Amino acid sequence: MALRADALPGVGLRRGPSPLARARARLQIPLYRNGYALVASSGLTSGLGLVYWLVAARAYSVTAVGVSAALISAMTLLANLCQLNLKSGLNRFLPRAGTTTARLVTRSYLLALGVSGVASLVFVAGLGIWSPRLQFLQQRPELVLWFVAATMVWTIFVLQDSVLAGIRRAAWVPLENVVYAVVKIVLLFALAAAAPTLGTFVAWTAPLLLLVVPVNLLLFRWLIPAHVRGTEDRQQPVAPWRLARYVAADYAAYLIITATVGVLPLVVLAVLGPASNAYYYVSWSIAYGLYLISSGMGVSMITEASLDPARLVGYRRQSTLETARLMVPAVALVVVAAPLILDLLGDGYSREGVTLLRLMALSALPWIVFVSYTNAARVERRMKAVVGAHAALCGLVLAIGLPLLGPLGIDGIGVGWLAAQSAVAAAIVAGRLARRSHRDWEEDAFRALSSAAAWIRMWWRRLTSAGALREVLAELRRRPGRSGWVVQRHLSTVNDVAASAVGRPGAEPAALVKRSASESGDRALGLHARALSTLPRLAGLAGWARMVPRLLASGRAGGRAYVVETRVPGTPCERLLRNGLGGERPLAAAAAAIGQLHQATGATTTVDEGLLSELVDIPLARLGPAVAGSSGLARAETALGRLRGELRGVLKGRRVITARVHGDLCPGNILMTPDGAAVRGIVDWEQTRERGLPQLDLLQLLMTARMTAQRREMGDVVAEMLRNPGWQAPERPLAGAIRRLDPDLAADTRPLVLLAWLHHLAANLGKSTRYGHSRVWIRRNVDPVLRIVLRQPVPVPATAPGPAALPEPWRAPRRRGLGERLADVRAAIGAARLEAAAALGALCLAVFLWLVSLDGIDPRAMTDLGLVSVLPLTFVLALLALTASFAVLVRRRPERNSLLAAHLLALIAFLHATPTIVYGTLRYSWAWKHVGIVDYLQRHGGVAPRIEYLSVYHNWPGFFGLDTLLTELAGLHDTLQLAVWGPVFVNVLNLGALVFLFSGLTRDRRVVWLGSWLFFIANWVGQDYFSPQAFAFLLYLVVLGVVVRWLGQRSADDGPGRRGALAFAVLLVATIAPSHALTGVMVSVALTVLVLAGVCRARILPFVAVAITALWDLVFAADFVGRNAGSTLEQVRLPWMTTESSLAQVGELSSGQALVAGVARGLVVAVVALAAVGAVRAMRAGQLNRAAAVLAAAPLLLFASGDYDGEILFRVYLFAVPFLAFLGAQAFIGQSDARRRSWTPPAASAVAGTLLLGAFLVAYYGKEHQNYFTPSEVAASRYVYTHGPPGSLLVEGTHNYPAQFKNYERFRYVTIAREPAASRARLLARPAAVLTDWMSDSALSAAYLIITRSQKVEVDELGSLPRGSLDRIERALLASPHFRVVFRNRDATVFSLAKVRG
Amino acid sequence: MSNPLRWPVVIVLSSLLMSNLVLAGVHTPVRVLVTLWFLLVCTGMAFVPLFRIPALSIELALGVVTSIALDTVVATTIVVAGGLSARSGLFALQAICLVGCALQARAWAQARGARV
């Protein structure tokens, strides 16, 4: 507040109340009272719930507890889902539902009862599918009945708490929950003998009836009618469709967070096992208790702000601060005491869960910001913001937490929660800051400076008047009964007076000593002392005068005036307004209190020149010099002249009521009872006058109350009142009193408002000279009003502040027919939103099905068809739902970018996170080798370009260098666990790159999204694992995106400009060149064809790319290139010949693998055909994208670079597939039917997409039987690479196992499957003898032979050795006395020689 | 946040935090998060704001890509030189970030001078 212009020298309550008194005072405020009640309810329920389960564990068998726990979980889950989030709707809309409250509650109950009844019946009917262990329920009808009834009643039990909170009676909630918890514990004991099997379930459910009936009787008979009476004047019934919209959107948010919380334990269970899940779940449950503090306080905030939306900002701030006040110590306690808390549960918990618990507890702090933001959005019905915030939070939790699950274990989830909460909170705060205008910042800075200045002045006054205070105190002590008085505390003041509370030590202050610090202070204290001695003597006001301080002494001390007055107890009205008590009651009480003075001293008079001078001229004369010197308005003096004319014109000759007035009535000068019901004191009378307009007291109070409640400046408030005449709801008592005093004068608010403002300013200028010298004060409190006065014509309000200006009473809406209501719903929601909502629902369903499916995938049961052979029906259904939803959405609502991106992210998760989650180990043997290179770099700090094995990676080390840097800086032991999530990371980044690239090729969002979708279901070649190819391919897409967007013929203006784009492109090429040889070549080829095709204007770019690539290849990698150039040149053949050599020899494959190879080829053909159709369609429409077409064809030139170890065909396809997908998308979305709303194209997309997806699953997952490595295989491999000394020999059946991931350079490798045919034949004929010969070389420091499950699978499926060869070798070695087994488990055996010949 | 110096400030603070974590040998999840932030965002954002890209999303996306590219180039250089370690990598990246931040500060000062 600017210079605390409204504040006065001292208020009545001069000493901080005790903590208990403060707590009591807080509980008087509904916001805190209801919030605390809900927090307490949560805490008590959790605590007593724990007791319940402890008792159950001791009184019942483990089986009985397990069955009952399952039933209880099912019941609560069903009830929570079936309450349809009406609890949120009730909390939001009941506060102002008024006379419709009972109807709203009843309908909500009926709806929830119906849904929960049906859902629980369906649940029981389908027990065989989702919970066969509970099928016994179906055999006993009475149990079915009990379960269904219990679920329905539990739904009501959930809703009734929200009803209580919504009608601001949350204090009942902890009471009913405690009663319920105690009764069920008692019943638990009682039923232990009578119902040993289901006693736990019965004890949980039976007390529900006992409570639901009386609580609802209480509600409907007493509490709801009382609520209706109490909010009669503020009721605003809600239309059902509005409630439905709110609830539906909020339900989506609820499902998002519930699904995330529910999914994480499943993921932890799948990845880390049951023990880790136990540690995770316990830590989460404890931290969740902290989350409930914010939630409870947030519910109360919603209720209060819904009742009085104008005070949302204040309520939000208060609830946030109050929550922080509770939360910070609680979090600190949990962080510090985490080991002790978990130690209660056992050693394992304290050993494994401490960090997680601490992280989770810390995450509860940013959660405060999240809850505050989403609850404010709920009040404002910004439901998109609510859903978006939840989606962002949960998405981040999963995106950060899941990848870290590997490297960090369960702590990774904690990091995910903390990072996600912090990021979202930071975004919320940043968003708020970004929305603040320059003026907001200025306001805050000004407030801070004002506070600092006021504080400095206060201390200066205090110091300079210290001598006077001692003098006065000595004088007081000489009087009887005051000998022991001391200064108890000094008070903050903002004018030229210092004030101190005095009294006996330890007792409440008895008096206030006010000392002047200037001449204006002398004057003010003189007037104040005179008023204090006059007021008690006024006729008829003996009782009223008790509200006025009694003058104890006055005079001069230290050369300045002083006053000693009794201290009037009470709570400043200002504090009540700021604490959210609600302004109406205190303002009504204040109006009544000051009204007694006005009534007792009032008289009717005609405004003559004398009175006119007092009312207008004198205050204007005080304001004039200040304005002339400090106003920022050029015509300020003109404005003052107009103001004078206007006010004099209105008042002159008018019959008015005059009375003694306070002259500076503001909330800071009124002391009240803690509940704001009655006034206990009115203080600071130095501006009082015998003759004034009583309306001005009331208006000044009204204006300063608005300033206080809304934290605004006087100038701002008055300008608003002039622009928008009329009163806000809490101001109605004051407005009514003003109108009753003089209805005619009150008919036009403008003159009265201007007069009150003028008197307020004049009073301040009289209090202290510094106001008049302050330009800032003038510009903030005076100029905004003068600016309005200058405007012509003067705005005349359409309505006067009489009855017509008061808030309109609510009229019940006309009852409407069902048809009208449905039409309203359709119109309100709109087709677009319905379709988006349906897509969101389908997406949620798909994700749910996918998550359910994960538990049913057993990788050990795979056949030679790979992962597709063990995918459950739910997985397929999930993909189908996702595909159908995407097809419809992309066709009909392509502008829904977020939703479409969510579909694609879900697709990536389904396709690429599934193996990661299900396997729990790194898939694909080459990924293990890449981990080995990082391991090498970590140990050696550099590369060895001439190393014998894997030397290609030492010659193009960019990707590995980056990964090593990341691993080292992050302090990780190895990169293995990051690599596990490689495919997910890579594909998510590819999605971003594709959208970036495609957006540069077309403006049609349908093509962008559909092309991206097609890419992911066409890219079956598997180059998306932890590899340099995947990394370089991502950069390749970005380079092309930069070129087509910003270096093309029609560059977009959203980029860094041509030079910037060129710099980016060069940097990316310079990154690709040392990372991956083939991609370096490909990017040069692509840039060249883009220039030749006239797409790229930067003709220098291909030259730069070629130069950089050649520089790397021929300088740093010269040795490698030189050694391999000859063989590469030999491999250069015609494309079809290379293709033939690249394709697998189908004759050697198993039947399943032959099918996989065939499907993969078919998929390639289908994608190319689709692209051709798309290209033709686009060409016919004259809109074929040249860049896409040439980039789809350009990779064919790679055939000139040799066969790339037989992989060139796959790499050609990889580089072409983004553009094939882009062109293919145009096959579904022709240009001519861009605006059609037919269902045919989406259906065609869905069918074609499903077929392609089916082929992709077979082609991509087809080799997973070989790519999957069990933990046992990893253990065997780790043994070898950890124990083998440098110079060891490692004989391996095939390359296909977790190979070379650690210390790989220590070994020489011999792969049986790669031996020449003659050597292989000798070995297979006499395994033990030949291998003994191989492994007994005296130059070797050790020799091992490893045979694993995955090697055998590869041999059997690809035929690299005769089927069963490795089994035969293994048996032979086991039987041989020359070999000993050094490591063996179910999936792997490691041999070494029993005796090494000398 | 519209302050043109926001990224330099953020990057310098992140860099200091990163140094503390690495030099003190702290091994906590926080270090992983700070490392990801530093490597994936800070390096690139030391330079990308110099291009005054109007769209925030594009600016951030390019920042991430530039970060990856610069990190890779730096890591490759050190690997080839045979001295890759947490400290060497960190110091090299910090030096690069410092250059970017200095350029941003210079651009800001020039723009301010032009306005005056």
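Modeller: A definition comes first: a helix here is a DSSP run of H or I with at least four residues, a strand is a run of E with at least two, and both are numbered from the N terminus. The model is predicted.

The structure holds nine cavities of 30 Å³ or more. In the largest cavity there is about 130 Å³ of space. Its lining is made up of 14 residues. The contribution of helix 24 of chain A, residues 694-710, is five residues, the most that any element gives to this lining. Nearest the centre of the largest cavity lie A:Ala709, A:Gln710, A:Gln728, A:Pro730 and A:Glu731. By kind, the lining residues comprise seven nonpolar, four charged and three polar.

Chain A also has a sheet to look at. This open sheet consists of three strands in the order 7-8-11, with antiparallel pairing. Strand 7 (603-606) and strand 11 (689-692) of chain A are at the edges with a single partner strand each, so one side of each has no neighbour in the sheet. From one strand to the next, the twist averages 35°. Strand 8 of chain A covers residues 655-661, and its antiparallel pairing with strand 7 of chain A runs over four bridges. Within strand 8 of chain A, A:Thr658 is the residue that A:Ala603 stands opposite.

Key
Residues are numbered from 1 along each chain as its sequence is written. Chains are lettered from A and ligands numbered from 1 in the order in which they are written. This is a predicted model: local features need pLDDT of at least 70, side-chain atom pairs count only at pLDDT 80 or more; totals for chains, interfaces and linings use all residues. Side-chain values use heavy atoms; hydrogens and water are left out. On a 1 Å grid over the protein atoms alone, a cavity is a set of points where a 1.4 Å probe fits but cannot get out, and a pocket is an open set with protein on both sides within 12 Å along at least five of seven lines; lining residues have an atom within 4 Å of a point. Grid points are joined across faces, edges and corners, and a volume is the space filled by probe spheres set on the points. Ala, Val, Leu, Ile, Met, Phe, Trp, Tyr, Cys and Pro count as nonpolar, Asp, Glu, Lys and Arg as charged, and the others, Gly among them, as polar. Two strands pair if DSSP finds at least two bridges between them. Axes are lines fitted to C-alpha atoms, for helices over the stretch in contact, and angles run from 0 to 180 degrees between N-to-C directions.
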